[in-house]
Amino acid sequence: MADSHGAAYGYTGSYLKTPSNGNLWSWLTTVDHKKIGLMYAAAMFTFFLVGMSLGFLIRLELMEPGTQFISAKVYNSVFTLHGVIMIFLFIVPGIPAILGNFILPLQLGADDVAMPKLNLLSWYIYMVGAIMALVSLFVGGGVPDGGWTFYAPYALKSDTNISLAVMAAFVLGFSSILTGMNFITTIHRLRAPGMGMFGMPLFCWGLYATSWIQVIATPVVGITLVLVTMERWLGIGFFDPALGGDPVLYQHLFWIYSHPVVYVMVLPAMGIISEILPAFSRRTIFGYKAIAMSSMAIAVVGYLVWGHHMFTAGMSDTARWVFSLLTFFVAVPTGVKIFNWLATLYRGSIEFRAPLAYALGWIFLFSIGGLTGLANGALSTDIHIHDTAYVVGHFHYTMFGGAAIGMFAGLHYWWPKIWGRMYNEKIAIGAFAVILVGFNMIYGTMLVLGMKGMPRRYQDYLPEYANLNFIATVGSWILVTGILVMLYNLVRAIKHGKKAPDNPWGSTTLEWKTTSPPPLFNFAEAPTVTTGPYDFTEILREAGVEEGR
Amino acid sequence: MNGASSYSGLVDNAFIFILGTSVLLLIGVTLAMIIMVVKYRRSKHPNPAQIEGSVTLETLWTVLPTILVLVMFYYGWAGFKVMRDIPDDAMPVTVTGQMWSWVFEYENGKQSTELIVPTGRNVKLNLESVDVIHSFFVPAFRLKEDCVPGRHNKAWFKSTRDGEYNIFCAEYCGERHSAMLSLVKSIPPREFDEWLGVDPGPPEGAQLLTIKGCTACHSLDGSKLIGPTFKGVFGITETVLTDGVAREIVVDEEYIRKSMLEPDADLVEGYPKGLMPPQGTLVKDEEMDAIIEVLKELK
């Protein structure tokens with residue numbers, strides 16, 4: 001139990017400089033939540049770079065009509081691998097596993113998560129799942145091509161190893177379930193004395209909502225696995241019409257899991273934004289409870305909207321309008337968050353620094369993601385844009401713009417805390433400007449292409465779509481350049497950055513009240529909490545500013 | 001892109017309302033951020049106001065967006081309802097998706113690989129698939145509905161303008177998904193009646209190969225697609241895999257017939273398994289004979 005670590009309070013050296021730190025074994029056997037977070041980061045960013053290269057290849061092929069570099073067969077496998085890697089290995093577990101692990105105990109004033117050994121086990125399960133996922137792609141007759149959704153009966157017909165792939169998703173999901181349980185327990189049991197549930201920083205609320213979705217939604221993958229296995233091995237027809245099954249049932253099960261998971265990806269990112277805005281505005285967050293509760297509302301309503309992925313699949317017309325109506329209700333708590341964030345800027349004392357640049361850019365991109373989703377939620381418009389490039393553009397605005405850019409914002413915010421070093425802020429902001437340009441050139445263009453009718457997952461297209469596709473491809477070069485510069489700037493800082501002070505941004509939450517980087521057990525002495533999470537009285541007094549009017 | 005169906009205007013109105021509102025909101029959010037970041041910059045505004053919240057504002061920006069999205073829902077539903085109410089007098093056409101081509105069959109049994117329709121008349125589509133899920137998509141009509149094997153989905157439209165409109169497959173269906181294209185040809189009703197009335201007799205020769213979807217995978221000019229080319233195939237000696245064991249056979253009538261009924265039984269070496277649906281229920285006996293005759297002639 002974490003409390004037994006209490007004896008170690010008083011060790012104030014960096015967690016990165018513990019005596020055994022030099023060797024790999026000490027990392028592979030660590031139960032320190034901070035090191036586990038960094039091990040996740042190492043694995044996930046490796047996968048991210050692979051996924052990005054595949055995405056780059058997709059855009060290269062689509063630069064002009066006809067076949068440029070890769071055949072249709074290879075192209076189909078490339079977009080499948082891109083989706084599987086990005087979704088299951090990077091975005092879904094990403095923010096909770098990397099930043100959640102590192103920051104959550106610090107923000108709560110705890111010395112670790114509630115179950116540190118289980119936390120390490122979760123990392124190993126993740127690695128096993130990731131390896132299974134990659135292996136499943138290459139055994140059994142070659143690389144699969146069904147897209148990351150693996151719809152029946154196409155994916156079931158092909159020789160590729162669908163059972164192993166679903167098994168891998170379940171193993172990965174199991175890692176998420178354990179991490180989620182660990183976080184829920186940590187939040188309920190290990191908050192510093194004086195910190196109520198509504199005294200937690202909002203990043204913790206985002207992780208809390210996400211953890212519940214992980215725990216409740218992931219078992220559906222297990223159910224699907226059982227059904228797929230029974231169909232494959234016992235010949236009982238669930239999904240394959242040749243055996244008397246219904247392919248649409250597979251789509252239901254797939255989206256009952258995969259739609260709530262969309263919110264798994266984005267809720268922690270919203271938490272990050274809720275940390276950054278007050279810190280750089282030097283004022284309390286506007287509407288704390290509304291932001292916290294809207295996370296929970298999104299988590300709950302998010303369970304009930306999966307059918308909007310299937311408006312053309314042949315569900316009954318009643319089911320379609322019910323799902324459409326429910327989908328629109330998810331938009332409301334999302335809007336509430338955006339308005340509260342804007343109100344947090346109002347009459348603040350705003351310092352425009354790198355993390356804020358990322359956070360504001362995030363609000364811009366995610367707003368586009370959310371707003372373009374409205375046309376997917378409305379029935380008649382969705383019929384036209386469903387399965388077109390519009391949907392691809394829309395979900396990249398939400399998943400890449402929402403989840404991944406949110407993670408980048410968080411990395412820039414907490415990097416000085418994690419490594420005790422500052423990165424070059426000018427390069428960080430410059431790289432992000434490049435990212436914004438490239439991003440909108442690709443995905444904004446895809447929105448237009450989809451409106452004009454270009455279907456998704458097309459290796460070749462009619463000449464009328466040529467110009468826009470060319471623009472999107474040029475955008476991909478710009479985007480990748482920006483990302484690489486951004487990552488280089490961060491990695492370079494680990495060794496060569498200037499030493500970071502304990503609280504470089506003037507933030508108020510507990511992680512900034514310990515050293516940068518923190519000691520092994522986080523705090524020299526266990527903190528107690530007497531104010532709300534965003535109380536700037538002390539920061540303002542230190543800065544010599546009078547009490548806010 | 002201009003709409004060309006009776007309900008495309010309704011869909012476009014919903015688009016204009018939803019996207020228009022969205023653009024306004026996005027501009028508002030973005031301008032608000034920029035203005036506040038400039039106006040309240042620390043050098044000019046060192047002393048922040050600690051405002052914790054406002055019940056009035058929270059209520060306002062919960063209720064107003066709720067009303068707004070309900071209006072959007074209504075717009076979406078209104079257009080959708082028209083799409084789903086199939087008029088009783090609509091002319092039925094059976095649309096069959098197969099890897100990787102479309103076949104359209106009219107009430108009188110006439111088959112076509114392009115969807116010829118009379119402008120201004122209601123057309124009802126019975127959507128079928130013989131293998132995997134396809135999705136019948138005509139962007140100009142704002143029409144899309146999946147062809148799901150084992151299900152019998154329906155759709156309808158009324159073309160409002162003469163012209164040619166793209167048909168795409170919108171649900172991923174395999175290697176040549178992006179080549180699964182066709183056209184709607186909307187022509188004046190009188191011409192249509194003439195066209196439909198001409199009984200072409202049972203499809204013959206190369207036309208049969210197209211309608212049955214053979215040519216989506218088997219070329220007639222010697223090029224390699226998904227399956228072996230038909231050019232010069234009759235009479236040659238091929239290496240096939242029977243239960244995984246390689247053996248040599250001569251491509252004769254018996255072999256071709258068996259390959260149609262059990263495509264994977266004697267699979268030509270080097271070609272993928274499991275892609276071709278058994279044709280027993282799809283191709284009639286006399287059509288098989290006709291196909292064999294065509295292959296004999298394809299030198």
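A:Pro517 is placed in the loop that runs between strand S2 (498-499) and helix H17 (537-542) of chain A. In this predicted model, the peptide bond from A:Ser516 to A:Pro517 is cis, with omega near -10°. A cis peptide bond also joins A:Ala152 and A:Pro153, where omega is about -5°. A:Pro153 belongs to the loop between helix H4 (116-138) and helix H5 (154-157) of chain A. Another loop of chain A, between helix H9 (247-281) and helix H10 (288-301), contains A:Arg282. The phi of A:Arg282 is near 50°, a positive value in a residue other than glycine.

The confidence of the prediction for chain A averages a pLDDT of 91, and 95% of the residues score at least 70. Over residues 1-7 of chain A, however, pLDDT stays under 50. For this segment the model has 10 contacts beyond four places in sequence. Where pLDDT is low, the predicted coordinates should not be read in detail.

Helix H15 of chain A covers residues 425-451. Its 27 residues, at 1.5 Å a residue, should span 39 Å, and the end C-alpha atoms are 38 Å apart, so the span in the model agrees with expectation. At the start of H15(A), a side-chain oxygen of A:Asn424 comes to within 2.9 Å of the backbone nitrogen of A:Lys426. Just after the helix, A:Gly453 adopts a positive phi of about 105°.

Chain B is divided into domain 1 (8-43 + 52-84), domain 2 (91-197) and domain 3 (205-297). Taken over C-alpha atoms, the centres of domain 1 and domain 3 of chain B are separated by 56 Å.

An open sheet of 5 strands in chain B has the order S3-S2-S1-S5-S8, and its pairing is mixed. Strand S3 (111-112) and strand S8 (153-158) of chain B stand at the edges; each has a single partner strand, so one side of each is left without a neighbour in the sheet. S3(B) is joined to strand S2 (residues 101-106) of chain B by 2 bridges, and the two strands run antiparallel. In this pairing, B:Phe104 has B:Ser112 in S3(B) as its bridge partner.

Further antiparallel pairing in chain B involves strand S9 (residues 163-169). Strand S6 (residues 134-138) of chain B is joined to S9(B) by 2 bridges, and B:Phe136 stands opposite B:Cys169 in S9(B). S9(B) is also joined to strand S10 (residues 182-187) of chain B, here by 5 bridges, and these strands run antiparallel as well.

How values were computed. Residues numbered from 1 in each chain as written. Chains lettered and ligands numbered in written order. Predicted model: local features only at pLDDT ≥ 70, side-chain atom pairs only at ≥ 80, totals over all residues. Heavy atoms only, no water. Helix = DSSP H or I, 4+ residues; strand = E, 2+ residues; numbered from the N terminus. Expected span 1.5 Å × (residues − 1). Polar contact = N/O pair within 3.5 Å; in protein donor to acceptor, adjacent residues only side chain to side chain. Domains from an automatic or database assignment. Pairing = 2+ DSSP bridges. pLDDT = per-residue confidence, 0-100. Contact = heavy atoms within 4.5 Å.
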